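This report describes selected local features of one structural model. The sequence and structure are shown first, and the description follows.

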Amino acid sequence: MKLAEYFSQPSSALPRMQQLPLAAALILTCLLVAHAGFAFAQNKPADNQFLNLSIEELMNVKVTTVSRTPQKLTQVASAIFVITQDDIRRSGATSIPDALRMAPGVQVERVGTDKWAVSIRGFNGVYANKLQVLMDGRSVYSPIFSGVLWEQQDTLMEDIERIEVIRGPAATSWGSNAVNGVINIITKKAADTQGTLFTAGGGSFEHGFAGARYGGKINDETPFRVYAKGFTRGQTQALTGEHMNDQWHSARGGFRVDHQRGIDQFTLQGDVFSNFDGSTLDQNARYLSASPDSQMRGHNEGGNIRFRWDRTFSEQSSFMLQAYYDRHRSQLLPIGKFDAESFDVDMQYRFPLSDRHQLTWGANYRLYHNKVFDSPLLTFFPRAQTNHLIGTFIRDDIALIPERLMFTIGSRFEHNDFTGMEIQPNARLMWTPNPENSVWMAVSRAVRTPSRAENDSRIDITPFIPTVPGSVLSSLPFPISSTLLGSSHYNSEKLIAYEMGYRHQFSPQASIDIAGFANDYSQLRDVSFGAFSLSSGLPLRLLQPVFINNQGSALTYGVETSIDLKPLENWRFQASYSFLNIDFSSNNLLKDTNPTTGGSEKTNPQHQLSARSNYDFSEKLQLNLWLRYTSEIAFYQIPSYVTMDTKLVYRPIKNTEFFIVGQNLFSQHHRELTSDFIPLASAVIPRGVFAGVQWRF
């Protein structure tokens, strides 16, 4: 559906004119209050650092995720987008997944109050498995199910310095599973969070939230901070109108200590969290439920601690050593329950080999232990397992023409317990004819290694089998019970990626970034059917085994672009557009029923648009608008939608601000995605309005 057509379409839930008043009233209120504030507009807020920067300065922000060393954004031979702290603050986003909606090429769909599906360049789902996610260099990718448990990944949003989003493979730097991209959430140094911050508020869906941080110094070389936050969020509704029972209560706290001694920098950082959440089973899966209404409550908790040592010999030479321990426990019965812990140590050394060669090499070791408890849906054999991964990488940055033409070549060599040795090379070329233009191209190989679930599990997939009246399955003499069986012969999924990009700075007030790609996947996950048999007990059932295999393949291609404009000193406008096409070759019998194999070609929106306007009426008043369009998701019959978030900020005195935020303003509620892996009822995401206050002193 085209954007212009959206406004002419009637809504299936409520007449559009009945849906708009609250949104229109909030926006109108924002505009009126903002207009009043314009009368005393003078200067920009002192801490509004990114709106104070020109586009040229923003383009030179240094990023570290692509090559694991600081690089100017304009010198990166990769499709990268940076979400700054100012972007997060102005957006009103209350979670990391919601903030990621700003980045082109990233698919973010909310499944329920506490569940998101996040991917880059396709294959989205609750357990999107081709994306590496890091928090300060600590991997939060779960090897049990190959994915990220987003409800566990959080921090004080004010402490995030920036989020670097790489679209495309980055396996040479970050190893297996960095297939379609990397998201690196980087928090501020302790020295940048001195003093006290307190924020609190509440509203219709964000029922209540509070956060506090205190930063101080042990001595001049050793700043620190501690923080705590908590919130309670409301529940969504099922398509039938029932409450989903997925209200979410969360508490989290942590600390960071930095110490500078000469050329050495040390960091010790840790977090703990506890979440209480829930959900409602799908109608077809209600035989799993222990409660008559199929509603579940769950709990997950955990913590981590990280140590990092950086030694900087010179601008071209440095050493890094990092180690962390992470542990978490999740329980949502009767779906599943598991404990997991990991230990990782990582080192890197960078030095100039000659005038034109900058060499970087490193090595890492990871231990991952998990224990999965049997549930009616899921069993593992063995129940507990410890896996090891060891790897090394080397990269050479070659200045073919100094300051103009840079060639980068490198590879990672990695050994894992499931598929043995994996080699993941890449080559990148960056041409910068002048400071205003840069062109890059790359070819890369990356793999996704099997998860434990794909090796050792038995998953009851009966709830996913459609029971359409009149179909072959509905005419069988006995009910069917189908089980997906993991295989120790399951291999890694492989990708050869071809990318090209162009960046142009029109003026200090305008820039554009365009990237295109073609991804050739092989040995993707697919399934095949075994022979029917009858169960031995009563009541009799037809047993249908389903075997996992590597017979899928896919070709994807797309374009992503973002523009950044600053037409006025107090106005910044950013927009992005993404196009994605997926052609998946797989078992045709499951194309329309399995969203994690052949059906995945229809589980992503083909078009996405984001437009943000950040305007400072005065040093006391800001108005931020964020419009998003997502095209239909055919697999789940989810129609396209347009929505808007807005945030109005008022600062009556220095270091104190009041804000009001409206989310999903254009409709009472809308669908974004349905759970693909666990059989949950489909939820609709509601409109929400909340207000709050923040003090810094």
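H670 has I685 in β37 as its bridge partner. Strand β36 is joined to strand β37 (residues 683-686) by 2 bridges, and the two run antiparallel. Strands here are DSSP runs of E with at least two residues, numbered from the N terminus, and two strands pair if DSSP finds at least two bridges between them.

The open sheet has 3 strands in the order β13-β37-β36, with antiparallel pairing. Its edge strands are β13 (237-238) and β36 (669-670), each of which pairs on one side only.

## Basis of the model

This is a predicted model, in which local features need pLDDT of at least 70 and side-chain atom pairs count only at pLDDT 80 or more, while totals for chains, interfaces and linings use all residues. Residues are numbered from 1 along each chain as its sequence is written, and side-chain values use heavy atoms, with hydrogens and water left out.

## Aromatic pairs

Rings of Phe, Tyr and Trp (its six-membered ring) pair if their centres lie within 6.5 Å; planes under 30 degrees apart count as stacked, over 60 as edge-to-face and the rest as tilted. By this rule there are 19 aromatic pairs. The ring centres of F123 and F584 are 6.2 Å apart and the planes are at 65 degrees, so this pair is edge-to-face. The pair links distant parts of the chain, 461 residues apart: F123 is in the loop between β5 and β6 (131-135), and F584 is in strand β31 (residues 571-585).

Both F123 and F584 are buried, where buried means under 20% relative accessible area, exposed over 50% and partly exposed in between (1.4 Å probe, protein chains only). Ring pairs also link Y127, F145, F338 and F380 into a cluster.

S119 lies in strand β5 (residues 116-120) and is buried, with a relative accessible area of 2%. Leaving out residues up to four places away in sequence, S119 touches G105, V106, Q107, N124, A128, L131 and N604; contact means heavy atoms within 4.5 Å.

Q544, in strand β30 (residues 542-568), is buried at a relative accessible area of 7%. Apart from neighbours within four places in sequence, Q544 is in contact with I480, S481, S482, T483, F529, G530 and F532. The C-alpha atoms of Q544 and T462 are separated by 9.2 Å, and these residues are 82 residues apart along the chain.

Methods. Helix = DSSP H or I, 4+ residues; strand = E, 2+ residues; numbered from the N terminus.
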